[in-house]
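Let's take a walk through a protein together, with the picture open beside you.

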Amino acid sequence: MEKKIKVLAISGSLRQKSSNTALMNAIIALAPDSMTFTIYHGLGDLPHFNPDIDLDEGPVPVHELRTQLKEADAVLICTPEYGNGVPCVLKNALDWIVSSGEFVNKPTAVISASPTSMGGDKAHASLLLTLKMINAEIVEGER
Ligand SMILES: Cc1cc2nc3c(=O)[nH]c(=O)nc-3n(C[C@H](O)[C@H](O)[C@H](O)COP(=O)(O)O)c2cc1C
């Protein structure tokens, strides 16, 4: 039997009626059977990034995020743009991963959805910069 591709799906919005979360769920619903998805629910529970508390396995919510990333073959991120940038909760999550390295060579797809005509382009560009810095493999288009 063919091994399924495990994808960790992360919405950058904590809002209950988030359009980015809805988009993420639509992608999951349309994905082929060869893929399985785990939705990451811990974004709002992560402590503010502070290297001083990144000891041993790190705080429990951070350890959970790192474990879920480790177990995933790929990552899907759907995020809004706030104040011309990446929502702080999402950037905070990525800051926790800089030193631990779970994004290294991880195929990662990024979508930003916004009601403005610019489509959250600045958050998208900024997020790509951060993901490239932590050596994620950015997935663009069909492979
Ligand atoms: C405080 C705040 C700042 C925002 N800043 C931007 C922005 O810089 N660029 C943009 O395209 N949309 C901006 N928006 C609009 C969001 O894109 C919009 O609220 C979107 O629906 C949020 O995503 P969500 O539906 O997934 O929660 C902002 C919204 C809020 C509440």
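We will begin with the sheet and then move to the ligand.

Keep in mind that you are looking at a predicted model. Start by finding the strands: 5 of them form an open sheet, and their order is S2-S1-S3-S4-S5. The pairing in this sheet is parallel. Now look at the edges, where strand S2 (35-39) and strand S5 (137-138) stand. Each of these two has a single partner strand, so one side of each is left without a neighbour in the sheet.

Strand S5 pairs with S4 (residues 107-112) in the parallel sense, over 2 bridges. If you want to spot a bridge yourself, go to Pro107, whose bridge partner in S5 is Glu137. Next, find helix H4 (residues 121-133), which lies across strand S3 (74-79), S4 and S5. Relative to S4, helix H4 runs at about 165°.

Now for the ligand. Which residues come nearest to the ligand? Among the 13 residues around it, they are Ser13, Arg15, Ser18, Ser19 and Ser114. The shell as a whole divides into 3 nonpolar, 8 polar and 2 charged residues.

Arg15 has a polar side-chain atom 2.7 Å from an oxygen atom of the ligand. With Gly83, the backbone takes part: a polar backbone atom of Gly83 is 3.0 Å from a nitrogen atom of the ligand. How much of the ligand does the protein bury? Taken alone, the ligand exposes 620 Å², and the protein buries 65% of that.

Note on methods. Residues are numbered from 1 along each chain as its sequence is written. This is a predicted model: local features need pLDDT of at least 70, side-chain atom pairs count only at pLDDT 80 or more; totals for chains, interfaces and linings use all residues. Side-chain values use heavy atoms; hydrogens and water are left out. A residue is near a molecule or strand if one of its heavy atoms lies within 4 Å of it. A polar contact is a pair of N or O atoms within 3.5 Å; within protein, one must be able to donate a hydrogen and the other to accept it, and residues adjacent in sequence count only if both atoms are side-chain atoms. Accessible areas come from the Shrake-Rupley method with a 1.4 Å probe; for residues, only the protein chains shown count as cover. Ala, Val, Leu, Ile, Met, Phe, Trp, Tyr, Cys and Pro count as nonpolar, Asp, Glu, Lys and Arg as charged, and the others, Gly among them, as polar. Two strands pair if DSSP finds at least two bridges between them. Helices (H or I, at least four residues) and strands (E, at least two) are DSSP runs, numbered from the N terminus. Contact means heavy atoms within 4.5 Å. Axes are lines fitted to C-alpha atoms, for helices over the stretch in contact, and angles run from 0 to 180 degrees between N-to-C directions.
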